[in-house]
Amino acid sequence: MSLEALQVGEKGPVAPDGDAEKGAGHSQAAEAQGSKLAGSFRLRLADLISAGPIEERGVLPVALEDRNSTNYNSYFSIFFAMNINLLPITFGLLGPSYGLGLRDCVLVVVFFCLLTAAIPAYLGVLGPKTGLRQMIQARFSFGRYLVSVPVILNLATLTGFCVISCVVGGQCLSAVASGSLTPAVGIVITGVLALFISFCGYNVLHHYERWAWIPALIATIIATGYGGSGLREQAPTEAATAGGVLSFGMIIASYMIPYACLASDFTTYLNPKFSSVRLFLYGYAGLVIPSALLMILGAAIGGAISSIPEWEQGYEETQVGGVLAAMMSRAGGFGKFIVVVLSLTLLGNIAATMYSVTLNFQILIPQLVVVPRYMFSILVTAILIPVSIKAATEFFASLENFLALIGYWTAAFGAVLIVEHNVFRRGQYHTYDHDSWNVASRLPLGIAALTASALSFALVIPSMSQVWFEGPIAKGAGDIGFEIAFVVTAVLYLPLRYLEKRFSGR
């Protein structure tokens, strides 16, 4: 470079040539065009969501004027549709593993279903009266910040149930395809289909659940009819023991009580003028009728597997799906179609559970309340599918380990909410103030609720009877952990909450 050029450069910046100017202009125009297209896409997406059936509201309280739905039997239909599927059959299959014959399994299922379904059915009644989602109601016991503990546990519980359902659905699709479709691919199909329903939200979910039970019921009746002769081939068992009865009862409780953590999520838009007793009976019937009948069917299948080689082979290959495919094998292509329908019956349970999971994310991290609820459906599905694929490799071991924990904490949680509402709030719904739901200074500290729940485990742990641990109380009496959790938490919460109110004034 010449000295003259260097001198010019030192005096000031060299002016860009014409080609550089054109390049910069094209770049700026491209950026502007890209921003315009992105903005247009966001606007179109927002318009589509607003015009369509997709629910954007998350955990925000539902105002009284918005609680105008009169479709009260939807509380029955959503629970009925969530339970008339393969999930309770899967739980019932565990009965014979505790050394119980079919008669004993029937008695245990009926008794524990009738006992434990009352907790979620009752808490769901508070939804129309308060306009609050279930875990937002929990803030009026556990406080603004300490409620994070049950929320995290609830997220794990609900996700666990979704995993079980996805695995069973994937196994059924794989069994029908005779190995050409792996359980992993079946799990992906099940998860994506459930995502679509959960993505749309409350209204679509209720419309789906209102009709989804019909093909589910028909397919279940047909499958039972084809396998009816085989169900008589029950393997011989010894006399039932207290430990076996109570341990299977814990399995039933672990299926039923967790609904207490999401019951109000499905009733917040209902008109509060409806009879609470009738609404309770709707929810109670929706839980008990399909769950008890299908758990009994599952216990009958479980007791006959070892007596029928074809069923046993199917069970070893793809577990629940393999047994059902073997039961329907005589029906040929029609039988495969019925098994596919049975696998799709799980979508109602997965979608409804995922709907509650999305709400719990916003409660756990309040800053996420500005994020539309449907975005969490995508996130949950992205987590759910790989976890389900992993859990499928050791399904029943994963299932029993999971069930070993959820029944205990959900019983303690339900005890706190019921005592808080009936004793300290005297059943008065106006005490759940919509202006206070997100203000820590207007909510209880939550110390009493968390302390009562935690202290109950001093007796729960010795009362547990699991594969990996058996407490000294359980050795003589069987697993009475969830009963202890409920009763002890309720008793402890009374004095602790009284002291909390006395010293904090709230």
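**Close-up views of a predicted model**

View 1. A disulfide would need the two sulfur atoms within 2.5 Å. The model shown here and in the views below is a predicted one. Across the whole structure, the search for disulfides returns 0. C162 is buried, its relative accessible area being 1%. C172 also counts as buried, at 0% relative accessibility.

**View 2. The salt bridge between R103 and D104.** In this pair the closest N and O atoms are 3.4 Å apart. R103 is exposed, with 62% relative accessible area. D104, by contrast, counts as buried, with a relative accessibility of 16%. The structure as a whole holds 4 salt bridges.

**View 3. A network of salt bridges around E420.** The network links E420, R425, R497 and E500. E420 meets R425 through their side chains, with an N to O distance of 3.0 Å. Both E420 and R425 are buried. E420 also forms a salt bridge with R497, and here the closest N and O atoms are 2.9 Å apart. R497 belongs to helix α21 (residues 481-504) and E420 to helix α18 (residues 395-424), so this pair ties together parts that are 77 residues apart in sequence. R497 is buried, as is E420.

**View 4. The largest cavity.** A search of the whole structure finds 3 cavities of 30 Å³ or more. The largest cavity contains about 70 Å³ of space. Its lining is made up of M82, L87, L158, F161, Y255, P258, Y259, L262, N349 and T353. Helices α9 (148-176) and α16 (346-364) each supply at least two residues of this lining. By class, the lining has 8 nonpolar residues, 2 polar residues and no charged residues.

**View 5. The second largest cavity.** About 40 Å³ of space lies in the second largest cavity. The residues that line this cavity are L126, Q137, S141, L417, E420, H421 and Y432. With 3 residues, α18 gives the most to the lining. The lining divides into 3 nonpolar, 3 polar and 1 charged residue. E420, one of the lining residues, is also part of the network of salt bridges with R425, R497 and E500.

**View 6. Helix α6 and the residue that follows.** Helix α6 covers residues 118-130; at 1.5 Å a residue its 13 residues should span 18 Å, and the end C-alpha atoms are 19 Å apart, which agrees. The helix is mostly covered, with 10 of its 13 residues buried. The buried residues are I119, P120, A121, L123, G124, V125, L126, G127, P128 and T130. L126, buried in α6, is also among the residues that line the second largest cavity. Just after the helix, G131 takes a positive phi of about 70°.

Conventions
Residues numbered from 1 in each chain as written. Predicted model: local features only at pLDDT ≥ 70, side-chain atom pairs only at ≥ 80, totals over all residues. Heavy atoms only, no water. Buried < 20%, exposed > 50% of the residue type's maximum accessible area, 1.4 Å probe, protein only. Helix = DSSP H or I, 4+ residues; strand = E, 2+ residues; numbered from the N terminus. 1 Å grid on protein atoms, 1.4 Å probe; cavity = no way out; pocket = protein on both sides within 12 Å on 5 of 7 lines; lining within 4 Å. Points joined across faces, edges and corners; volume = space filled by probe spheres on them. Nonpolar A, V, L, I, M, F, W, Y, C, P; charged D, E, K, R; others polar. Expected span 1.5 Å × (residues − 1).
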